Amino acid sequence: MNDTIIEVRGLTKTFKKIKKKEGFLSSIRSLVSREVEHVNSVSDVNLSIRKGEIRGLIGPNGAGKSTTIKMMSGILHPSEGTVNVLGFTPWLERERFVRHLGVLFGQKSQLWWDLPPIDTFALNKEMYRIPDEKYKERMAYFKELLQIGHVVNQPVRTLSLGERMKCELVCALLHEPALIFLDEPTIGLDIVSKETIRRFIKQMNKEQGTTFLVTTHDLADLENLCDNVTIINKGKVVFDDSMETLSTYFANSKIIEVKFNKPLDPSKLEGYNVIAWGQQSAQIEIDLTKNDIKRSVYEILDRFQVADINITNIPIEQVIKHIYSA
Ligand SMILES: Nc1ncnc2c1ncn2[C@@H]1O[C@H](COP(=O)(O)OP(=O)(O)OP(=O)(O)O)[C@@H](O)[C@H]1O
């Protein structure tokens, strides 16, 4: 059975940009004749997402994530390429397509600012023609899971960011879409609210089989939520695999984390590849193509007064930094 929910092939978006030259005279000249250049924001992107996945989409600022999502949700037309989402070509069949799609753009609100969230939910109920019983059932479920019973009757402008974000999620999910695009769903939230939202996403995914595409700059979102991750850089896909593969990206390196019994003179660690250093601790990267990990550990235990020692993979943050700067 083909359970692909998103299939993107050769997706490219070119924007026209006015070439800006420096200097006063050039600015005056540009009022009369403008030189235009074409810039590829997204370039030959291929992407397949299966039903029931929680997929992370990450990349540095300006990488092309939002442009890709805008084309997949039908807001933008691509310059080249094909997009099939839930069997639809999003920009051609937008009205029918959006009935099956939920979106949350963390920086933009779907809620009416001066009204309580419950009024926006009621409006969505009418827009999506959700039957009364179903609406009551869904609202009870969301109130319980997101603990928002006490805020849905307050004007949105009086809600905290965390409370508002939870209500935004309800807006995105009320009509039971099969697929949700979440753009920075936990941005600016405290750790407890972040966890509530992640738990909620995982529960919706598990219980209802909802597919999520999550754009984030928060690596904890990636690590706690996503099965697979697509990394975009300069408009191109530069990594597309499981989180497990990403975490073992540097399979030939390990980190030895050491805590010393007393403060250590850093010069004593000369000859080691020290990647992080504290007064009484160090992280040492070991290249497994040149060193044996067991021998390295014994050597460290032998040379220093060690309180604790731990072997880990290269932290995911460092892997991603490496991929971004490649
Ligand atoms: N309407 C537009 N006209 C011209 N250039 C655009 C337009 N929209 C986006 N771009 C450019 O396309 C590139 C990709 O932008 P995009 O918003 O997709 O990046 P992003 O990965 O979502 O970044 P961020 O993480 O900062 O939100 C940027 O260089 C941006 O300036």
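Leu104 stands opposite Leu182 of strand 6. The model is a predicted one, in which local features require pLDDT of at least 70 and side-chain atom pairs count only at pLDDT 80 or more, whereas totals for chains, interfaces and linings use all residues. Residues are numbered from 1 along each chain as its sequence is written.

Strand 6 comprises residues 179-183 and runs parallel to strand 5, to which 5 bridges join it (strands pair if DSSP finds at least two bridges between them). Strand 5, residues 101-105, is mostly covered, with 4 of its 5 residues buried (buried: 20 or more other C-beta atoms within 10 Å of the residue's own, with C-beta atoms placed from the backbone). In total, the protein contains 11 helices and 13 strands (DSSP runs numbered from the N terminus, helices being H or I of at least four residues and strands E of at least two).

The largest nonpolar core has 57 residues, and Leu169, Val170, Phe212 and Val214 have the most contacts inside it (a core is a set of buried Ala, Val, Leu, Ile, Met, Phe, Trp, Tyr and Cys residues joined through C-beta atoms within 7 Å). Helix 6 (residues 161-173) gives the most to this core, with 5 residues. Because domain 1 (4-247) and domain 2 (253-325) both give residues to this core, the core lies between them (bounds come from an automatic or database domain assignment). Residues up to four places away in sequence aside, Phe212 touches Ile54, Arg55, Ile180, Leu182, Ile201 and Asn205 (contact: C-beta atoms, placed from the backbone, within 7 Å).

Of the 326 residues of the protein, 31% count as buried.

Note on methods
Buried ≥ 20, exposed ≤ 12 C-beta atoms within 10 Å, placed from the backbone. Contact = placed C-beta atoms within 7 Å.
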